[in-house]
Amino acid sequence: MRKLAILIILVATAAVALPQQMQMPMPKTAGPQSDAQKAFEKLKSLAGTWEGTVMGIPINFTIRAASSGTAILHEGNTEKGVPNHEITMFYLEGDRLLATHYCDAGNRVRWEGKMSPDGKTIEFSFLDVAGSTKGGLLKRMMFTMIDANKHVVDFTFIMPNGKPVELHGEFQRAK
């Protein structure tokens, strides 16, 4: 009888303790932001509609938070020609700011972003590409924030023949 009572106590204790161990851990208290988080927040501050030109071609960009604020959608359009609904998604992965660019050239380039020490520039460096590069690929992108209503973007596009072309765009917040 005593063994049965001990067994019941052990089973009851396990039944109470086991669900507590299976619960999700408590979230960590908010600490200082990583450099990647700071850069992500800086990109979020660009939310809105932007007008500008790249190589004399008028381009409009829309930037907005997506997926409950866990990603940033950057969509580019022109009246005619490219880009036509070309998008880049920015997101955090651990302590890294990453981006996937869905290019009109038919590929998906991934970059890693790093913010400059002064906090005004975020440069995205090439990680890899999926899909065909026969139409070229966008190798690098760099945002420089001038103020709340103006930023510039510099790109390096690799032509199908392998030659890099440097592109520069200046953008104002649309009114």
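Strands β4 and β5 run antiparallel and are joined by seven bridges. They belong to a closed barrel of 10 strands, in the order β1-β2-β3-β4-β5-β6-β7-β8-β9-β10, with antiparallel pairing. On average, neighbouring strands of this sheet are turned by 25° against each other, direction ignored. The model is a predicted one.

**Strand β5 and its two partners**

- The hairpin of β4 and β5 has two residues between the strands. In this hairpin, Gly94 takes a positive phi near 65°.
- On the β6 side, strand β5 (residues 96-102) pairs with strand β6 (residues 107-115). The pairing is antiparallel, over six bridges.
- Thr100 stands opposite Arg110 in β6, and Tyr102 stands opposite Arg108 in β6.
- The hairpin of β5 and β6 has four residues between the strands. Here Gly106 takes a positive phi near 95°.
- Strand β5 is mostly covered, with five of its seven residues buried.

**Helix α2 against the strands**

- Helix α2 covers residues 35-44. It lies across β2 (57-66), β3 (71-77), β4, β5, β6, β7 and β8.
- The helix runs at about 145° to β4.
- Ala36, Ala39, Phe40 and Leu43 are buried in α2.
- Seen down the axis of α2, the buried residues fall within an arc of 100°, so they line one face of the helix.
- The general rule behind such a pattern: an α-helix has 3.6 residues a turn, so residues three or four places apart point the same way.

**Aromatic rings**

- The whole structure holds five aromatic pairs.
- One of them joins Phe90 and Phe143, edge-to-face. The ring centres are 5.9 Å apart, and the planes are at 70°.
- Phe90 lies in strand β4 (residues 84-93) and Phe143 in strand β8 (residues 137-147), so this pair ties together parts that are 53 residues apart in sequence.
- Both rings belong to buried residues. Phe90 has a relative accessible area of 1%, and Phe143 has one of 0%.
- Phe143 also pairs with Phe124. Their centres are 6.4 Å apart and their planes stand at 80°, so this pair is edge-to-face.
- Phe124 lies in strand β7 (residues 121-131) and Phe143 in β8, so the pair ties together parts that are 19 residues apart in sequence.
- Phe124 is buried, as is Phe143.
- Phe90, Trp111, Phe124 and Phe143 form one aromatic cluster.

**A charge over a ring**

- Lys139 places its charged end over the ring of Phe126. The distance to the ring centre is 4.6 Å.

How values were computed:
Residues are numbered from 1 along each chain as its sequence is written. This is a predicted model: local features need pLDDT of at least 70, side-chain atom pairs count only at pLDDT 80 or more; totals for chains, interfaces and linings use all residues. Side-chain values use heavy atoms; hydrogens and water are left out. Rings of Phe, Tyr and Trp (its six-membered ring) pair if their centres lie within 6.5 Å; planes under 30 degrees apart count as stacked, over 60 as edge-to-face and the rest as tilted. Buried means under 20% relative accessible area, exposed over 50%, partly exposed in between (1.4 Å probe, protein chains only). A charge sits over a ring if NZ of Lys or CZ of Arg is within 6 Å of the ring centre and within 35 degrees of the ring normal. Two strands pair if DSSP finds at least two bridges between them. Axes are lines fitted to C-alpha atoms, for helices over the stretch in contact, and angles run from 0 to 180 degrees between N-to-C directions. Contact means heavy atoms within 4.5 Å. The arc is that of the directions from the helix axis to the C-beta atoms.
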